[in-house]
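Hello,

Here is the structure I promised to pass on to you. Have a look at it first, and then read my notes below.

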Amino acid sequence: MTASFVLVSGGYTGGWLWRDVAAGLRAAGAEVHAATLTGLGDRRHLAGPDVDLDTHIEDVTQLIDHIDAVDTPEVVLVGYCYGIYPSVGAADRRADRVSRLVYLDSPMPQDGYSMIDQVREQMPDGPARDRTLTQQERAEDGWRIPAPSVEEWRAHGNLAGVPEEALARLARLASPAPAGPYAQKLRISEVVAALPTTGVFCTTGGTMDIAALEALVASGLPLVQHLADPRATFFDMATGHWPMLSVPDELVEVLLRAAAGEGHRLRSAAPAVGPA
């Protein structure tokens, strides 16, 4: 069966971000649907103070619902950066339609936490963390976060490998982002944890890779033990945070391999040995 992908981008962007990756996947015979979330991209005119995470979850859910379930019963759902939050929310609602959930250089959303909550608790100190946590302060009218300038993209965007023409396109097409989705707490069930998953780490300038994750699993940290499930696979990509712009052909290959269940698998932590 031909793979079908739903691609969900992060803040300030839209379906246009996936142009080269979508073309590569289609050339390989895949079906591709690139989501544009409410208030972003060519749907920026729909932005408003009432747009929240539930709005974006419904965007992705509706996209899945409008992919013919007879011809395409299952999709590979790819969430990039913030886009993983509405992706996970939609996967919770439509688990029967998701064959694999791909975390593309993204956090691992948790029930009861907003993106801002997770950045505050889990992101290492630094300019990127500070900038994310002060988004609300920079929001116009209390809800509209201005799109970064070219200079801001260069300073904070981890653009390793992105060609100048792609950066210019990113700056030209980036839209302001509604603040509500970042602050709303995600509500998901255990259904999501039962789905086959793939994690893709962009390791240039990033804070996580397969080796670091293996060390966390080996340490016995409860939060990550489910990632040793044999259905969970992982890839490292030696590029910055924008692989669809910096190495689109490589990302196409990774996504096709992920859809086929390929990738590195982790070993679970060894059980503690009790006293003799």
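Let me start with a strand pair: E3 and strand E4 (residues 98-104) run parallel and are joined by six bridges. Strands count as paired if DSSP finds at least two bridges between them. Within this pair, Val76 stands opposite Arg100 in E4.

Before going on, a word on the source: this is a predicted model, in which local features need pLDDT of at least 70 and side-chain atom pairs count only at pLDDT 80 or more, while totals for chains, interfaces and linings use all residues. Residues are numbered from 1 along each chain as its sequence is written, and side-chain values use heavy atoms, with hydrogens and water left out.

E3 also has a partner in strand E1 (residues 4-8): the two run parallel, with four bridges between them. Here Val8 stands opposite Gly79 in E3.

How enclosed is strand E3 (residues 75-80) by the rest of the structure? Six of its six residues are buried, so E3 is largely enclosed. Buried here means under 20% relative accessible area, with exposed being over 50% and partly exposed in between (1.4 Å probe, protein chains only). In a regular strand the side chains alternate between the two faces of the sheet. In E3 both faces are covered: Val75, Leu77 and Gly79 are buried on one side, and Val76, Val78 and Tyr80 on the other.

Next comes helix H3 (residues 84-93), where eight of the 10 residues are buried, so this helix too is largely enclosed by the rest of the structure. The buried ones are Ile84, Tyr85, Pro86, Ser87, Val88, Gly89, Ala90 and Ala91. Their cover includes E1, helix H2 (53-65), E3, E4 and H4, where contact means heavy atoms within 4.5 Å.

Two loop residues are worth a look for their backbone angles. Tyr12 lies in the loop between E1 and helix H1 (19-27), and its phi is near 75°, a positive value in a residue other than glycine. Tyr12 is buried, with a relative accessible area of 10%. Asp105 sits in the loop between E4 and helix H4 (115-122); its phi, near 45°, is again positive in a residue other than glycine. Asp105 is buried as well, at a relative accessible area of 18%.

Further along, Ser246 is part of helix H11 (residues 243-246). Ser246 counts as buried, at 14% relative accessibility. Which residues does Ser246 touch, not counting those up to four places away in sequence? They are Ala160, Gly161, Val162, Pro163 and Thr239.

Finally, the chain as a whole. With 276 residues, a compact globule would have a radius of gyration near 19 Å, and the 18 Å of the chain agrees with that. The radius is taken over C-alpha atoms, and the globule rule is 2.2 Å times the number of residues to the power 0.38. Along its principal axes the C-alpha trace spans about 65 × 45 × 35 Å. Buried residues make up 48% of the 276 residues. Among contacts between residues at least 6 apart in sequence, 75% join residues at least 24 apart.

Best wishes
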